[in-house]
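Subject: Structure for you to look at

Hello,

Here is the structure we talked about handing over. Please open it alongside this email.

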Amino acid sequence: MKVAVVDIKGKETGRKADLSDAVFAIEPNNHAVYLDVKQYLANQRQGTHKAKERAEIAGSTRKIKKQKGTGTARAGSIKSGVFKGGGRMFGPRPRNYSFKLNKGLKRLARRSALSLKANDKAITVVEDFNFETPKTKDFINVLKALGLENKKSLIVLGESNNNVYLSSRNLKKSVVVTTSELSTYNIVNANNVVLLEGSLEGIETNLAK
């Protein structure tokens, strides 16, 4: 698959990038995408929720009324969840929400997500760039030139670039990652994926297996 390479001003450079069909043109596996996104979101959960149950509530252990003859339901403890101030029945307990996925399935999910973006013409290849100093204004100018100022965007770098990363950190709709940090969730969540030329080899090496 050939895609025109543009510069940070949004103008074509006259060169074309060759996107591997093994990564960007496969038949998408929607279930693999679902599982990988589900795992990503599950890993974001702390799982520290806790509510007190009746055994943990401070209160009298006296039987609050006689067993029979009251005309109402029997009740043995003021700490029961049916009374105000009692323990919560079947309340949340601390737990770990993470679960395991095979590496092959995760690679398939990322290839599927990238293929879906390629089908939607939502992948842009930009020549490598850098900023002299971290500056959000410079990063916004790049987004404007690419027509992504008000869209969710994912920028994939070939290697860690602190100036570019820090320039984007204040922008809620833009995410900057390296090829090793690329996740299915970030791909699916973005309206447009911007690949720097230096990232293409790394993406193909990591995913075309």
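The model is predicted, so please read everything here as computed from it.

An open sheet of 6 strands has the order 2-1-3-6-4-5, and its pairing is mixed. The edge positions belong to strand 2 (12-18) and strand 5 (174-178); each has a single partner strand, so one side of each has no neighbour in the sheet. On average, neighbouring strands are turned by 30° against each other, direction ignored.

At one end of that order, strand 1 and strand 2 pair in the antiparallel sense over 4 bridges. Within this pair, V6 stands opposite E12 of strand 2.

Strand 6 has parallel partners: 4 bridges join it to strand 3, and it also pairs with strand 4 in the parallel sense over 4 bridges. V194 of strand 6 is the residue to look at here, as it stands opposite T124 and is also the bridge partner of I155.

How much of strand 6 is covered? Of its 5 residues, 5 are buried. In a regular strand the side chains alternate between the two faces of the sheet. In strand 6 both faces are covered, with N192, V194 and L196 buried on one side and V193 and L195 buried on the other.

In soluble globular proteins, nonpolar side chains tend to be buried together. The largest nonpolar core in this model has 22 residues, and the members that touch the most others are F24, L114, L154, V156, L182, L195 and I203. At least two residues of this core come from each of strand 1 (2-6), helix 1 (21-24), helix 3, strand 3 (123-126), strand 4 (153-157), strand 6 (192-196) and helix 7.

What does F24 touch? Leaving out neighbours within four places in sequence, F24 is in contact with M1, L19, L114, S115, A118, I123, L195 and I203. Another core, of 16 residues, lies apart from the largest one, and includes F129, F131, F139 and V176.

Helix 3 against helix 7

The axes of helix 3 (residues 103-119) and helix 7 (residues 197-207) come within 10 Å and cross at roughly 135°. The two helices are therefore oblique to each other. On the helix 3 side the contact is made by R107, R110, R111 and L114, which meet I203, N206 and L207 in helix 7. By class, this contact has 3 nonpolar, 1 polar and 3 charged residues. L114 and I203 take part in this contact and are also among the core residues that touch the most other members.

Two loop residues

S80 sits in the loop between helix 2 (30-43) and helix 3. Is S80 buried or exposed? Its relative accessible area is 13%, so S80 is buried. Not counting residues up to four places away in sequence, S80 touches R54, G86 and G87.

N161 lies in the loop between strand 4 and helix 5 (162-168). N161 also counts as buried, because its relative accessibility is 18% and the cut-off is under 20%. Apart from residues up to four places away in sequence, N161 touches F129 and N130. The C-alpha atoms of N161 and F131 are separated by 9.2 Å, with the two residues 30 apart along the chain. Both F129 and F131 are listed in the core of 16 residues.

Regards

Notes:
Residues numbered from 1 in each chain as written. Predicted model: local features only at pLDDT ≥ 70, side-chain atom pairs only at ≥ 80, totals over all residues. Heavy atoms only, no water. Axes fitted to C-alpha atoms, helices over the stretch in contact; angles between N-to-C directions. Parallel < 35°, antiparallel > 145°, perpendicular 65-115°, else oblique. Contact = heavy atoms within 4.5 Å. Nonpolar A, V, L, I, M, F, W, Y, C, P; charged D, E, K, R; others polar. Core = buried A, V, L, I, M, F, W, Y, C linked by side-chain atoms within 4.5 Å. Buried < 20%, exposed > 50% of the residue type's maximum accessible area, 1.4 Å probe, protein only. Pairing = 2+ DSSP bridges.
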